[in-house]
Amino acid sequence: MKKNIYQPIEAVIEDVRQETASIKTFALRPKSLFSFCTGQFIELNIPGVGEAPFTPSSDPGVKDRLEVTIMNVGNMTSRLHAMHSGETVALRGPYGKGYPLESFKGKDILIVGGGVGLAPLRSLLFSLFGEIDHYNKIVLRYGARTSADMVYKDLLPEWAKKKKVDVMTTVDIGDPQWKGNVGLVTTILKDLPVELHRAVAVVCGPPIMMKFVNLKLLDLGFTHENIYLSMEKNMSCGLGKCGHCRLGRYYVCKDGPVFTYEQLKDLHDIWD
Amino acid sequence: MIFFTNPPYSFLLTDYNSSMETYFLKHQDILTFYSRIDEEFQLYVPIKVEAKPRLLCEHGLLLPSEDYLLAPFSRIQEKSDIAYNEYRCVEPTRTLFVYPKENVSGDTPDPKKQGPSKPLAISGVKNCDLFSLKVQDFVFLGGDEVDPFYQARRESALIIAGDCPAFKEACFCRAFAIDPYSQEGFDFNLSALNDGYLLDVATEKAHGIADSLKNILSLATRGQLAGRAQKREALVKKLDAHLVLHKIPGKGSLKDIVVSGYNSTVWQEQMRTCVECGGCVFICDTCHCFLLADTLSKEGPQRLRIWDGCLYKNFTRVAGGANPLKMRYMRLRNRYLKKFDFFIDTMGTQACCGCGRCIEVCPGKIDIRYILKRLYEEKHLSAH
């Protein structure tokens, strides 16, 4: 029997958590065996409605359940946001290449997130925490538009308390309740507690944020090979066949979604 | 010419040429040949449509302008409508392997959904079409995962290629070193002679059929083979003479001129007449893009694999609204980068077979030959 590469497997929504006004985290239990590496993405399907690519935000070490943090921005995601625990969706994957954890070992890992872009990074953080002895230091810098737009608000202070972990957050627009930094995420990329010669940077967020964070990191002296960027495209098949996510000589779905800046630097319009 | 050394294609190349035999088939016996194939296969054959007057091309050559369509042999009432197509048919060959819209639901490809239960046979496949099939093979059979719907059809299909005894105004295969006749990649190949056909029998599958037709096949004589070689050579000469007039850059310079032409004005200029009909991408035999769409039918949720095209506005749009290819000129440029940069990088050859179908279909008269020529001139012949 030949495998139908386009056919998703069913998954039950076990839990839905409201992160912000427009972002929810869905906990899914696939009906058959499913596992992923951190940074890989899945195609999440509502049968008869549509399908879209997301990177799981949960610990890949948890094998029977995964979480996906999703912003309500389009047709498929608005339908998904209207769904509840107990309802059934479907998923395919995992696709692409995730974060190269092996090459992060012994390093200072700077993780820069913007908005809902913290979702894949949460999965990465869980992976790193799970074998924290292998890494020298984890530095998280997270920015959101306002304090109300921050995801994982309960987790951030918890992470900050962890050994070897340094967390700073910022909001673009302050409010009376917000006591932290106000300014774009690049404003908290100063005086980083990392040693450049053993540092890598992992960036995920909206394209405009990634563009300026990347510039800042280059400015700080990060090498092209040590900056890891998560590229966003409208992957349809996830298999390098449908043609939607071409980026230069790559397909984001199979050669990415995580790329080093070295891989991308000569390509045109990567931030569009 | 072998393009692939990677495993996914090996099954397609296995026994070609190793045991090639060439027979002579009389004109009047072609229907017997076709009928025999139709017993085992769902056979498509070319029929001639709309015999228009011959066309005087802008360079003064009198060229044919009739078109050929593929039709199921069993459903053709008047068998005299069946033609030996002098050049490629209108529809791209890929249509028979990747349907424009196909239900791909289910745990495994359902043979009932695959259309006819008999495997596919296609006659009138030209060398440009065979080149394109290699591109489709690269996409749908290559990589880590194989498209099982494509694979099922492709592996079981019988390909009856044919020499081109003529070419259309839009034909430019030879610009990319693709000959107007085939020497590999087929099961059978037909070459029209004055009183019949030479029939190359290339694969085991084809030999099986040829063995059952010994009464109408005689081994080709040396004279007949020489006659074919002469015809082939003459057509190549004529085609090359035509292409010289169009000044189409050669295969070797394609990547270079398209990459360095990124900021050329030709993209904006040529897109002025584009009406975004998508004709060029859907008639293209090397285009392969598709979208997986979900719909609800009477039987429940369905997954469809639908042809998509990069000339359409929403091809690269993401849910948030961002669109890297928001302007039409960006989409035209993207198409050329895909065909002449991406494919040369990843597959080792350009994704264009020179069939000229996109030239004929375009209501805006956007001509790939002109764009390539312009890019070449801007790179190599500019004043500075």
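**How many residues of strand S7 of chain A are buried?** Seven of the seven residues in S7(A) are buried, so to speak a mostly covered strand. Buried here stands for 20 or more other C-beta atoms within 10 Å of a residue's own, exposed for 12 or fewer, and partly exposed for anything in between, with C-beta atoms placed from the backbone. Strands are DSSP runs of E with at least two residues, helices are runs of H or I with at least four, and both are numbered from the N terminus. Asp108(A), Leu110(A), Val112(A) and Gly114(A) point one way from S7(A), while Ile109(A), Ile111(A) and Gly113(A) point the other way.

This is a predicted model, where local features need pLDDT of at least 70 and side-chain atom pairs count only at pLDDT 80 or more, while totals for chains, interfaces and linings use all residues. Residues are numbered from 1 along each chain as its sequence is written, and chains are lettered from A and ligands numbered from 1 in the order in which they are written.

**S7(A) and its parallel partner.** Seven bridges join S7(A) to strand S8 (residues 137-144) of chain A, and the two run parallel. Look for Ile109(A), which stands opposite Ile138(A) in S8(A). Strands count as paired if DSSP finds at least two bridges between them.

**An open sheet of six strands in chain A.** The order is S4-S3-S6-S1-S2-S5, with antiparallel pairing. S4 and strand S5 (66-71) of chain A stand at the edges with a single partner strand each, so one side of each has no neighbour in the sheet. Inside the sheet, seven bridges join S1 (residues 9-18) to S2 (residues 23-30) of chain A, and Ile13(A) has Leu28(A) in S2(A) as its bridge partner.

**Helix H5 of chain A and its buried side.** Met209(A), Met210(A), Val213(A), Asn214(A) and Leu217(A) are the buried ones in H5(A). They cover an arc of only 130 degrees around the axis (taken from the directions from the helix axis to the C-beta atoms), which puts them on the same side of H5(A). The face turned away from that side carries the exposed Ile208(A), Leu215(A) and Asp219(A). Just after the helix, Gly221(A) takes a positive phi of about 105 degrees.

**Where chain A meets chain B.** Here 34 residues of chain A are in contact with 37 residues of chain B (C-beta atoms, placed from the backbone, within 7 Å). Strand S4 (residues 50-54) of chain A gives the most to chain A's side, with three residues.

How values were computed: Contact = placed C-beta atoms within 7 Å.
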